[in-house]
Amino acid sequence: MALYVKDEEVGRLVERLAKARRQTKTEVLRQVLQKEIEREGIKPSLVEKGMEFARKLRAKGNPAAGQPAGKAFIDNLYED
């Protein structure tokens, strides 16, 4: 998602902080916004918590190493 800042002063402030920290403008904005959210005490929504859980779970796994589920495997799941 693109974010276009039309305010020149905001652009200069972000650029100034990015240069001072030797980081990208994106990373500076991410850190500043995260700190402000924490300062305000804004709690993540249930959806945000679920998405974070899914991201962490996916990072732990290795989808590329999985085996495709063939007909024999699926049929085996439903046998008594």
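**Close-up views of the helices in a predicted model**

**View 1. Helices α1 and α2 are roughly perpendicular to each other, because their angle of about 100° lies between 65 and 115 degrees.** In this predicted model, helix α1 covers residues 8-21 and helix α2 covers residues 25-40. The axes of the two helices are 9 Å apart where they pack. On the α1 side, the contact is formed by V14, E15, L17, A18 and R21. On the α2 side, K25, V28, L29, Q31, V32 and K35 take part. By class, the residues of this contact comprise six nonpolar, one polar and four charged. An α-helix has 3.6 residues a turn, so residues three or four places apart point the same way.

**View 2. Helix α2 and the glycine that follows.** The end C-alpha atoms of α2 are 22 Å apart, which agrees with the 22 Å that its 16 residues should span at 1.5 Å a residue. After α2 comes G41, which has a positive phi, near 75°.

**View 3. Helix α3 is hardly covered.** This helix comprises residues 46-60, 15 residues in number. From its first C-alpha to its last, α3 reaches 21 Å, close to the expected 21 Å. The count of buried residues among the 15 residues of α3 is zero.

**View 4. Confidence of the prediction along the protein chain.** The average pLDDT of the protein chain is 89, and 99% of the residues score at least 70. Among the elements of the chain, α1 has the highest mean pLDDT, 94. Helix α4 (residues 71-77) has the lowest, 87.

Methods: Residues are numbered from 1 along each chain as its sequence is written. This is a predicted model: local features need pLDDT of at least 70, side-chain atom pairs count only at pLDDT 80 or more; totals for chains, interfaces and linings use all residues. Side-chain values use heavy atoms; hydrogens and water are left out. Helices (H or I, at least four residues) and strands (E, at least two) are DSSP runs, numbered from the N terminus. The expected span of a helix is 1.5 Å times one less than its number of residues. Buried means under 20% relative accessible area, exposed over 50%, partly exposed in between (1.4 Å probe, protein chains only). Axes are lines fitted to C-alpha atoms, for helices over the stretch in contact, and angles run from 0 to 180 degrees between N-to-C directions. Angles under 35 degrees count as roughly parallel, over 145 as roughly antiparallel, 65 to 115 as roughly perpendicular and the rest as oblique. Contact means heavy atoms within 4.5 Å. Ala, Val, Leu, Ile, Met, Phe, Trp, Tyr, Cys and Pro count as nonpolar, Asp, Glu, Lys and Arg as charged, and the others, Gly among them, as polar. pLDDT is the predictor's confidence in each residue, from 0 to 100.
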